[in-house]
Amino acid sequence: MDRLGVGFLCGFGLPPVEFVELTADLGCRYMSAVVRGLPLIPLGFPTFSLKDPSLRREVLAAMDHRGVAISLGDGFLVMPDAEMDSFAGDLDALAELGVPRINVVSLDPDLGRSFDQFAILTELAAQRGIQTVVEPVPGLTVGDLPTALAARRHVGRPEFRLLIDTMHLVRSGGGAAEVAALDPGIIGYAQLNDTTLQPRADNYMEEAMFERMVPGEGELPLRDILSALPAETVIEIEVPRRALALEGVSPIERIRPCVEAARRLLSEVS
């Protein structure tokens, strides 16, 4: 089974129909998407919204034509004082596109409120047949696996699972052993990328959002982590490479080495 996906962050705001074509041209089955697309760096891409019915029709037609599916709806944020009910329209749009899961992180420093909002969002998504995964990100409210597990216990629903991102996992102090110790049923998704063990930028999110490394070119124990993941887990390549993009290197040329490296790694652990 081809379980490789291409993460929306790799495209820096590339519109979704073009992203479907890119994913298929790279030989991948899956891609992630955001409901509201904003150009993350000055590449000339327009804004977009998947709440636009005509755009959804175009995306559905492109996915059907190229054999691509959206494996993750990303960009769901818990913000201070914001309520999850505001995401109802976003979830409706993703449900129409057949998206099986969404990803949530919290920017609300109140851990208890964050957990409560996760539960509300999980319920709203489940009503539409969509699962929810939480992504531990160092420096955010849910910054490591133990906190994500506490969130899962609080939500108490099978539709609420964990996303394993290789950079975030290792930089938060985790590794393959911690992943292997998890109940496989609570791992809902994975994002593959590489980096050094020590920070390469003063700001963690600057590195995470804009400059990750091709799998195998950094220092993360990727083979061990991949071996610890359930065999059916979708592996999304999330390797934003801003410097190359600003130099004019095309999305397919930036991402192709990552896909080739991911396939090599997966062949070595299967």
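Guide: Let's start with strand β5 (residues 69-78) and β6, which pair in the parallel sense over four bridges. Bear in mind that this is a predicted model, where local features need pLDDT of at least 70 and side-chain atom pairs count only at pLDDT 80 or more, while totals for chains, interfaces and linings use all residues. Residues are numbered from 1 along each chain as its sequence is written, and side-chain values use heavy atoms, with hydrogens and water left out.

Visitor: What makes β5 and β6 a pair?

Guide: Two strands pair if DSSP finds at least two bridges between them, and β5 and β6 have four bridges. One example: the bridge partner of Phe76 is Val104 in β6. The strands themselves are DSSP runs of E, at least two residues long, just as helices are runs of H or I of at least four, numbered from the N terminus.

Visitor: Why is the crossover from β5 to β6 called right-handed?

Guide: The chain goes from β5 through helix α3 (residues 88-96) to β6. The term means that, with the strands pointing away from the viewer, the path from the first strand over the helix to the second runs clockwise, and this β-α-β crossover is right-handed. Another right-handed β-α-β unit is made by β6, helix α4 (residues 111-126) and β7.

Visitor: What is the order of the strands in the barrel?

Guide: Eight strands close up as β1-β2-β5-β6-β7-β8-β9-β10, with parallel pairing. Within this sheet, neighbouring strands are turned by 30 degrees against each other on average, direction ignored. For such angles, axes are lines fitted to C-alpha atoms (for helices over the stretch in contact), and angles run from 0 to 180 degrees between N-to-C directions.

Visitor: How do you know that β6 is mostly covered?

Guide: Buried means under 20% relative accessible area, exposed over 50%, and partly exposed in between (1.4 Å probe, protein chains only). In β6 (residues 101-106), six of its six residues are buried. Arg101, Asn103 and Val105 cover one side, with Ile102, Val104 and Ser106 on the other.
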